[in-house]
Amino acid sequence: MAPLAAFSLSVEIVNNTRESLATIGATPVQLSYHWLDAASGELVELEGVRTSLTRRLTPAVPHRHDVHVVAPPPPGPVPLRLPP
């Protein structure tokens, strides 16, 4: 992909806590990602753009959601990692 290209990935999220996770309010849960250097595995970008969730995440229920991603500037290639 081209540097700084924007795209979306569909991911499955499971809330492994005992509480519902809020998607609004003072401390909403948001999705992000890391870019890694292909050769060393070290972080190139610690935090990508944030994607707001559209609904509350109830415990133990799989949820599908799109994550908005922007490719890093050159040089590349760099693998994308979504933190667990």
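Helices are DSSP runs of H or I with at least four residues, strands are DSSP runs of E with at least two, and both are numbered from the N terminus. Keep that in mind for today's model.

A word on the source. This is a predicted model, where local features need pLDDT of at least 70, side-chain atom pairs count only at pLDDT 80 or more, and totals for chains, interfaces and linings use all residues. Residues are numbered from 1 along each chain as its sequence is written, and side-chain values use heavy atoms, with hydrogens and water left out.

Let's start with the whole protein. How many helices and strands does the secondary structure come to? Zero helices and seven strands. Read from the N terminus, the order is β-β-β-β-β-β-β. Along the principal axes, the C-alpha atoms fill a box of roughly 40 × 25 × 20 Å.

Next, the contacts. A contact means heavy atoms within 4.5 Å.

Now the surface. The protein exposes about 5600 Å² (Shrake-Rupley method, 1.4 Å probe; for residues, only the protein chains shown count as cover). Carbon and sulfur atoms supply 58% of that area. There are 84 residues, and 25% of them are buried. Buried means under 20% relative accessible area, exposed means over 50%, and partly exposed lies in between, with a 1.4 Å probe and protein chains only.

Charges next. The protein has 6 positive and 7 negative side chains. Lys and Arg count as positive, Asp and Glu as negative; His and the chain ends are not counted. Each charge is placed at NZ of Lys, CZ of Arg, CG of Asp or CD of Glu. The centres of the two sets lie 11 Å apart.

Now some individual residues. We begin with the rings.

The structure holds one aromatic pair. The ring centres of Tyr33 and Trp35 are 6.2 Å apart and the planes stand at 85°, so this pair is edge-to-face. The rule covers rings of Phe, Tyr and Trp (its six-membered ring): centres within 6.5 Å make a pair, planes under 30 degrees apart are stacked, over 60 edge-to-face, and the rest tilted. Are Tyr33 and Trp35 buried or exposed? Tyr33 is buried, because its relative accessible area is 1%. Trp35 has 3%, so Trp35 is buried as well.

Look at Ser32. Ser32 sits in the loop between β2 (30–31) and β3 (34–36). With a relative accessible area of 16%, Ser32 counts as buried. Which backbone oxygen does the side chain of Ser32 reach? That of Gly48, at 3.0 Å. This is a polar contact: a pair of N or O atoms within 3.5 Å, where within protein one must be able to donate a hydrogen and the other to accept it, and residues adjacent in sequence count only if both atoms are side-chain atoms. Setting aside residues up to four places away in sequence, Ser32 touches Glu47, Gly48, Val49, Arg50, Leu82 and Pro83.

Ala22 is partly exposed at 26% relative accessibility, whereas Thr23 is buried at 15%. Leave out neighbours within four places in sequence. Ala22 then contacts Pro28, Val29 and Arg56. Thr23 contacts Pro28, Val29, Leu53, Arg55 and Arg56.

Now strand β6. Asp66 has its place there. At 40% relative accessibility, Asp66 is partly exposed. Beyond neighbours within four places in sequence, Asp66 contacts Ser8, Leu9, Ser10, Leu31 and Thr51. The C-alpha atoms of Asp66 and Thr54 are separated by 9.9 Å, at 12 residues apart along the chain.

Last, the backbone. Most residues other than glycine have a negative phi. Leu4 has a positive phi, near 65°. Leu4 is in the segment before β1 (6–14) and is exposed, with a relative accessible area of 55%. Ala60 also has a positive phi near 65°. Ala60 lies in the loop between β5 (51–52) and β6 (62–70). At 62% relative accessibility, Ala60 is exposed.
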